[in-house]
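Colleague: I'd like to learn how to read strand pairing and a chain interface. Can we go through an example together?

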Amino acid sequence: MSEDIIKLRNLKKIYRMGDEKIAAVNNVTLNFERGTVTCLLGKSGSGKSTLLNLISGLEKPTKGEIIIKGLHVERMDETQLAKFRQQYIGFVFQSYNLLGNLTALENVTLPLIFKRVGIKERKERAMEMLKAVGLEKRASHKPSQLSGGQQQRVSIARAFVNNPEIVFADEPTGNLDTKTTYQMMDLMMGLSGKNKQTLIIVTHDMEISDYAQRIVHLSDGRIERIEYNSESIKHSNELGKARREEVK
Amino acid sequence: MSSFDLINMALRNLWKRKLRTFLTVLGVIIGTASIVVMISVGIGMNVGYRQQIEEMGSLYVINVNAPYSSDSNSKEKVQIDTASLEKFRKIEGVEAVTPVLQEYFTLIDGRYVYDTSIMGILPETMEAMGLDVSTGRTLQEGDSMAVVLSAYAKTGFYNPKLSWQYRWNGSQSIEIDPYNDKFQITYDNNYGTKQMDKSIKPKKIQVVGEMKENGQNSYYTVMPIADVEKIVAEREKYQKSKGQTTNTNKKKGVYNSAMVKADDIDSVERIQQELKDMGFETYSLVDYLKQTQETSKMLQMVLGAIGAISLIVAAIGIANTMVMSIYERTREIGVMKVIGATVSDIRRLFLTEAAFIGFMGGLTGVAISYGVSKIINVVGVNMGRQTLSAIPIWLGILGIIFATFVGVAAGFFPAVRATKLSALAAIKTE
């Protein structure tokens, strides 16, 4: 039995829309095992993104507990959250969110800058990371000079550069074509698998969910059902390969 | 985030929006320059006043007079004598003291004479007392029967044989050679006229220098006090022999006035106060200087306030630029927060950017101020003023610091606003 790195207890998030109260996340209790890949699957408005934001401390829950590595995230203040994210969390966004006036290398360096890592070390680590995503030759390019797939690679490099224990990906392939989608997923699987990182992916794309060991179906802020994928692509890559062939 | 990274990132952000940064900085440049130039004019006037006053004599010298009162009831008579001079010397910060004896003698150069006010002082103190010469030298220790001629002596000699109305006829100029002619001095102010008393023998004297013009003491002919006393004693003897009442009823060793030199301009006021406390009357150029300083201080404040208005406008410009920048960079701020920037990182980043705008504006503004100040002074010299504008180093440095501070202050509200942005909302902004 592996330990649970993330524990959610009766998590609730209620938004007020005028007089109406909408429960975006309603009484969710869920554990995440260290080193696993979980997919939060649901339609738009199912509360999957809100759940991700709660876990990562971007939003405060209305009720309930979020315990990551034994720490109560919901009780942290802004500064503690920032330090917490520096330490344990990496982010991949749907719209890449790279800083436009920084080069690819500098974008990857950014989390290390906030963490006050020395210039030499952070350059080496960022360059290594860019190599891992196959963009070492584009290190000095600005995001505007890169394609969508390349930008997402930079974004992935940025998420993993700090070697975080948990990586969140919010619709990481939403803006990409099918072929690039598989490349990105393979890349993330490869990187997270190497260091036994816990990966949480939010998506509405059923095909992406095939990569996960566990699929949590969400609907109206509640867990509808949980599916376990014994033949997850991460372990047997055949399905993925077959798909890639298909696309080609 | 380390300071180095902070500055690096702030500069890059400013550089990315070059035109806007430049325009904002321009506002600060104009604001800083107008404030610095305005104050410099105030200071320049002060310096100008001071130069004028310093030409009148040394600012370090205090003139001391015995009080004019016949208050014989007072137990101890306040008078300038050997004992009180010794007391003056013992006041802290006093560098030199001399008694002063003023007389009115006649100088003789061959056929010509010159009636002059005489100032008798200790010869070794002449230089210290700021009694400057235009040619020759000041009196020195050991000088005897030597004089420094009044600055107006050259044009003041006349032929006493002529009647009054012809003496200073402009067409008749008398050339004297102060260093080669043989001069004599006498207390007989009728020398050379029909009324002169031939029994009064003039004494030979030697001219060693000429007083500088435009000073408050330049019309005096300066002599060692011992020589003056000698001549005065002779005059008294003469007057007694004639059965006249002597007009100097003073005792030997008692003087009407004295001069005290302070070692530092800041001590002048204190020494003056101590002398006043002893019961003496004092006067120094510092009294006058203080009056003019009060005036120019007022002027400086008014001018500075006018300049400050443009800096306030510039500050609003900075605030506007920073707020605009936050709207544009909402997403960037959100991303930075999500990937680990702390609230203080974000605040410091924006404050640093604002500070740089202020700093660059201040630096350039001060540099331009020095140029403008030069131009003003060139124009001023043509107008006959020596100094119209002066920027001391402290004003330059203060200008830069102040502009930077204005930048930080103007950037504070936008910076706090930036930290309050929700990271989530920021990321969602497309």
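Colleague: Which residue is the bridge partner of Asp109(B) in strand 7 of chain B?

Modeller: A caution to start: this is a predicted model, where local features need pLDDT of at least 70 and side-chain atom pairs count only at pLDDT 80 or more, while totals for chains, interfaces and linings use all residues. Residues are numbered from 1 along each chain as its sequence is written, chains are lettered from A in the order in which they are written, and side-chain values use heavy atoms, without hydrogens and water. Strands are DSSP runs of E, at least two residues, numbered from the N terminus, and two of them pair if DSSP finds at least two bridges between them. Here the partner of Asp109(B) is Phe183(B); strand 3 and strand 7 (residues 183-186) of chain B share four bridges, antiparallel.

Colleague: What stands opposite Asp109(B) in strand 4 of chain B?

Modeller: That's Tyr112(B). Strands 3 and 4 of chain B form a hairpin with two residues between them, and Gly110(B) in the turn has a positive phi of about 65°.

Colleague: Why is strand 3 of chain B largely enclosed?

Modeller: Buried means under 20% relative accessible area (1.4 Å probe, protein chains only). In strand 3 (residues 94-109) of chain B, 13 of the 16 residues are buried, so the rest of the structure largely encloses it.

Colleague: How many salt bridges cross the interface of chain A and chain B?

Modeller: Look for a side-chain nitrogen of Lys or Arg within 4 Å of a carboxyl oxygen of Asp or Glu. The rule finds two; Asp5(B) pairs with Arg122(A), closest N and O atoms 2.6 Å apart.

Definitions and conventions. Buried < 20%, exposed > 50% of the residue type's maximum accessible area, 1.4 Å probe, protein only.
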